[in-house]
Amino acid sequence: MPLPLYLLAMAVFAMSTSEFMLSGLLPDIASDFDVTVGTAGVLTSAFAIGMIVGAPLVASLARNWPRRSSLFGFILAFAAAHAVGAITTSFPVLFATRVVAALANAGFLAVALTAAATLVPPDKKGRALAVLLSGTTVATIAGVPGGAVLGTLLGWRATFWAVAALCLPAALGILKGIPAERVQEEATGRTFLRAELAQLTKLRLILVMLLGALVNAATFGSFTFLAPVVTDTAGLGELWISVVLVLFGAGSFVGVTVAGRLSDERPGRVIAVSGPLLLIGWPALAVLADEPVALFTLAFMQGALSFALGSTLITRVLYEAAGAPVLAGSYATAALNVGATVGPLIAAATLNAGVGNLGPLWASGLLVAVALSIAFPLRAVVAADRSAEARQ
């Protein structure tokens, strides 16, 4: 894999640390701003909404910009939003900074996903996506747990400052490693937009976007509210939150790495194996969450299965959106973050539904069940072979 791909992954690490870190900081943020944990969880949805809206919009606006300048500008805006978030005493302002940061992240990721696909041969998109998403999984292994520890010791604001600082070496790496050439277009203006947006009329593209959104909703729904499961349901201390997050992140790294080697050639096999196991895993975690050993084991397994299945489906989005070379990355980003928006909202609603802290885990199982009920009768479409794609 080319070096610029790893530089993009480094930037994704910084941004993903921010996207995921609230799962370990929600109780402190809620206390600081005198709001409920469920209300604080809306910050995760605010970030995701900004990603959904921003991905196609910012990618369209930036289509004529040099990729290096676009990526550099997005990551600096992201850092600035975190600096403001670290000093604000207003929850609405903090909410707004999450939206602004999300817009910057959306633009970055949309351009980065498209750029990553162009840095490798057409039949290696899954491998390229795995490298890029390794920034996300390393964030869940190191960045998010580290942020949780930092938040526990120095307060949640210190974590926001740390994310802003992480952006700086990533920005320098982009300046040094990403070529400055402009995006090559086959059409401009309204013609460009019509041609790219027309891809959204493809039922196969819509299907894999929907499935990716459902699986990601399940992942984010439970991941956002893991902290109270660790401290209240399992009865462990706050520092154990970081241990569970590390295990989930380690599993996600394993899952995305293995899936990256299989999703180009055998996506059907990845979906057929990881889907049912993921479906079983969420309710199993809900039943066994009060047992620390089971909690640790299932956190690792669910991280691996969630990212194996999710990254494979997002790879399918890139394949199906091959006719939209500029906006393909934004479609993948939107699919990821529709799930990241809906998941925490559904999970938050279950917190007061009689099952308490375990509600999000049950909700995640239901979301995966819906995804598999859609995917199973259409499995030949979801996991179309590469020879069929090559003829498109």
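Student: In which hand, left or right, does helix 10 pass helix 11?

Tutor: This model is predicted. In it, the crossing of helix 10 past helix 11 is right-handed.

Student: How are two packed helices described in general?

Tutor: One gives the angle between their axes and the distance between the axes. For helix 10 (residues 226-233) and helix 11 (residues 239-262), the axes come within 9 Å and cross at roughly 130 degrees. The two helices are therefore oblique to each other.

Student: Which residues make the contact of helix 10 with helix 11?

Tutor: Helix 10 contributes L226, A227, V230 and T231, while helix 11 contributes W240, I241, V244 and L245. By class, seven of these residues are nonpolar, one is polar and none is charged.

Student: At what angle does helix 11 pack with helix 13?

Tutor: The angle is about 35 degrees, and the axes of helix 11 and helix 13 lie 6 Å apart. This crossing is right-handed. From helix 11, the contact includes W240, V244, L247 and F248. From helix 13, the residues include L295, F296, A299 and F300. The contact of helix 11 with helix 13 has 15 nonpolar, seven polar and no charged residues.

Student: How do the axes of helix 4 and helix 7 cross?

Tutor: The axes of helix 4 (residues 67-87) and helix 7 (residues 156-177) come within 8 Å, crossing at roughly 165 degrees. Angles over 145 degrees count as roughly antiparallel, so helix 4 is roughly antiparallel to helix 7. The crossing of this pair is left-handed.

Student: Which residues of helix 4 and helix 7 meet?

Tutor: Among them are R68, L71, F72 and I75 in helix 4, and W156, R157, F160 and W161 in helix 7. The residues of this contact divide into 19 nonpolar, two polar and two charged.

Student: Which residues lie nearest the centre of the largest cavity?

Tutor: Of the 24 residues that line the largest cavity, F20, L133, T136, N216 and L336 lie nearest its centre. The elements giving two or more residues to this lining are helix 1 (3-33), helix 5 (91-118), helix 6 (125-154), helix 9 (203-224), helix 13 (292-320) and helix 14 (328-350).

Student: What classes of residue make up the lining of the largest cavity?

Tutor: The lining has 13 nonpolar residues, 10 polar residues and one charged residue.

How values were computed. Residues are numbered from 1 along each chain as its sequence is written. This is a predicted model: local features need pLDDT of at least 70, side-chain atom pairs count only at pLDDT 80 or more; totals for chains, interfaces and linings use all residues. Side-chain values use heavy atoms; hydrogens and water are left out. Axes are lines fitted to C-alpha atoms, for helices over the stretch in contact, and angles run from 0 to 180 degrees between N-to-C directions. Helices (H or I, at least four residues) and strands (E, at least two) are DSSP runs, numbered from the N terminus. Angles under 35 degrees count as roughly parallel, over 145 as roughly antiparallel, 65 to 115 as roughly perpendicular and the rest as oblique. A crossing is left-handed if the near helix is turned anticlockwise from the far one by less than a right angle, and right-handed if clockwise. Contact means heavy atoms within 4.5 Å. Ala, Val, Leu, Ile, Met, Phe, Trp, Tyr, Cys and Pro count as nonpolar, Asp, Glu, Lys and Arg as charged, and the others, Gly among them, as polar. On a 1 Å grid over the protein atoms alone, a cavity is a set of points where a 1.4 Å probe fits but cannot get out, and a pocket is an open set with protein on both sides within 12 Å along at least five of seven lines; lining residues have an atom within 4 Å of a point.
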